[in-house]
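Subject: Structure handover

Hello,

Here is the structure you asked about. Please open it alongside this message.

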Amino acid sequence: MRLLEYQAKELFKEYNINIPDSISSTDIEKGRKDAKKIGYPFVIKAQVPVGGRGKAGGIQKCHNEDEFELNYPQVLNMSIKGEKTRAILLEKMSEYEKEIYLSLFLNRSKRCYTIIASAEGGVEIESVKNQIIREVGLGEVSKKIAMEVAKEIGFDGATSTHFVDILQKLSKLTIEKEAELTEINPLVVLKDGSLLALDGKIMTDDNSNFRHDELLKYREQTELEAKAEKSGFSLVELEGNIAVVGNGAGLVMSTFDMLSDNGGKPACFLDVGGGATEESVYEALTLISKMKKVKAILVNLYGGIVKTTIVASAFIKAYDNNLIDLPVYARLMGAEADKSKIMLKDTKTKMFDSVEQAINGVVMEVTKTG
Amino acid sequence: MLKGDKNKDGTYEKQPVIVQGITGKFGSVHTKLMLEYGTNIVAGVTPGKGGQKFEGVPIYETVKESVSATGAKISIVFVPAKFFLDAAKEAFEAGIKLLVAIPEHVPVRDAMQAIEIAKQNDAIMVGPNTPGIIIPNLIKIGIMPASPFAEGNIAVLSKSGTLLYEISNSLTTSGFGQIFTLGIGGDPINGTRMIDAFDMIKDESELDGIVIVGEIGGEAEETLAQHIIDLEFKKPIVAYIAGRKAPREKRMGHAGAIIMGNYGSAESKIAMFSKANIPVAKRPTEVPILLAGKIRKK
């Protein structure tokens, strides 16, 4: 999962990585109390799971109450790259000398963790110049390596010692929480030479959730996404009106791309898993029936081992039980496709031989009904 | 390693394969299907069921026993993700040299550790979260349906399982059979990476072309494209990338299918393929068309 800034900072705090005084809130009443505790001037920061919020106006300075009253609701109600603000972090303004970049990152090609550091931080990683890169196996950072990185950044004396300490703590956090990315950007050097983590980003491995109960409170899942997970599906909810269902992540992504290429707007990405059974398809339809925005369903199943007639039965059952009343445009590849077509003849499910035809059909349908 | 010695009649000796988790829900179904395909499954492993048989295949308590009894060097593993690391360790320590790792949802740290153990034992792992490997008409070590595949001279290397079936089917119906197809898996960490899979097949003399089926996340496609440029590899290659329209910072079904910043974006992969002179299909059904074009030009 991708942690929000304030959640990442909670973990930093747990590992004794210095962070500025800050408090998170989701309403202005609480925000006003936080403002009194922190004291002016401070910044309010939109808590969103995407980068680039500074440029989008998601970080605002407040020198007094008037600015706070103006900025708080504005930032709380904004969306950045389609992501609504989840919370507001109110944070003491820090005076610093220098911004650096530091992260531990799972390098998938090299299959090892990598330290990335730079003396020129404060910008997104893609723009970070003069990157210092060290491969560190499963994430363990020795004192020697940490000292080398500190030296390359140009740190000496107390700052160097402090940096080595932070990098080793970040390594411990990465290993213990099974993170794919832990990033401090910027890590700032204060006047007294000490370091402070001004912003943080952490991405953990969802497949290790089962052994990290302590992280589950950070999990952001809609009710439907949680239900989907229970059924062994993966669901990503989106803004459009056509539900996209298929078996296998690659196939669903591919269907999703082709639908978007043809002007369709996906309401969700729903992968029922590599196999497809009558139960799993029925379960998928149950989930979709709860999404009010859905106008039509696009199904792309590569049957392979499964007979398409089994899938067709799931649609018929869903109509019979009044579970759905939506038009379904389906491409079912696999055995007994002709028989399935006959079974579905008098229903709102239309079967197609190719996914391209099904997509044309569903886009037409949604355009017609508006 | 997958092709045994050549017999006098031109066919290949069938390599022995063991199945870890042979009596499980998934393992049992796929053992039957692999046997039907003609894979030489010589033993199964299920603790507590040693001495019994499944579909005529003897079951052993441990991988070590099954290996000493059969001499198998290849294993396919079906166990819940939580137990995967133990199963992989047991296999490599027992002398398995090729492990096909089917389980989905294996933690990244466990996969990395399994790869380390494989390296120490001079072994290879394919997966986790792989559909497996198939050499049509010879051997199937995986969970793929048999119907999309036919014998031929095209290699298909894919991150996704269902897209591997979809695209192989599309190739087969267009007259392009396959010499070798392998799913590297949809996880962030793969025992056999795209570049490793490519190296497994690139020198095969009968190879006429390669299809790379990628998806968003990581940089396996970029690394492979650079590798192809460096090698000045001349045989026709066509690619497909799923997830062009996927939102950023969201995991799209596969643990590995996520764009972080620009890392893992489809644009980056497509740009790199274009640099390597590899056309990228917009739809799965466009793959054989592009491939035919590439082969004709040659």
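Below is what turned up, going from the chain contacts down to one residue.

Please keep in mind that this is a predicted model.

**Between the chains**

Start with the contact of chain A and chain B. On the chain B side, 48 residues take part, and they meet 44 residues of chain A. Three helices of chain B each supply at least two residues of that side: H4 (108-120), H5 (161-173) and H7 (220-231). H5(B) has the largest share, with 5 residues.

**Inside chain B**

Chain B splits into domain 1 (17-126) and domain 2 (147-297). Their centres, taken over C-alpha atoms, are 27 Å apart. Where the two domains of chain B touch, 11 residues of domain 1 contact 6 residues of domain 2. On the domain 1 side, H4 and strand E7 (124-126) of chain B each supply at least two residues. H4(B) gives the most there, with 6 residues. What is that domain 1 side made of, by class? It has 11 nonpolar residues, no polar ones and no charged ones.

**The core**

The largest nonpolar core holds 206 residues. Within this core, Leu270(A), Leu298(A) and Leu99(B) touch the most other members. Helix H7 (residues 249-261) of chain A gives the most to this core, with 7 residues. As background, nonpolar side chains tend to be buried together in soluble globular proteins.

Leu270(A) deserves a look on screen. Setting aside neighbours within four places in sequence, Leu270(A) is in contact with Ala228(A), Phe233(A), Leu235(A), Ala243(A), Val244(A), Val245(A), Val252(A), Ala284(A) and Leu287(A).

**One residue in a loop**

Now go to Thr62(B). Find it in the loop between strand E4 (57-60) and helix H2 (63-70) of chain B. Why does Thr62(B) count as partly exposed? Because it has 14 C-beta neighbours inside 10 Å, while buried needs 20 or more and exposed means 12 or fewer. Leaving aside neighbours within four places in sequence, Thr62(B) is in contact with Val45(B) and Glu90(B). Glu151(B) is 89 residues from Thr62(B) in sequence, and 35 Å from Thr62(B) in space, C-alpha to C-alpha.

Best wishes

Note on methods:
Residues are numbered from 1 along each chain as its sequence is written. Chains are lettered from A and ligands numbered from 1 in the order in which they are written. This is a predicted model: local features need pLDDT of at least 70, side-chain atom pairs count only at pLDDT 80 or more; totals for chains, interfaces and linings use all residues. Two residues are in contact if their C-beta atoms, placed from the backbone, lie within 7 Å. Helices (H or I, at least four residues) and strands (E, at least two) are DSSP runs, numbered from the N terminus. Domain bounds come from an automatic or database domain assignment. Ala, Val, Leu, Ile, Met, Phe, Trp, Tyr, Cys and Pro count as nonpolar, Asp, Glu, Lys and Arg as charged, and the others, Gly among them, as polar. A nonpolar core is a set of buried Ala, Val, Leu, Ile, Met, Phe, Trp, Tyr and Cys residues joined through C-beta atoms within 7 Å.
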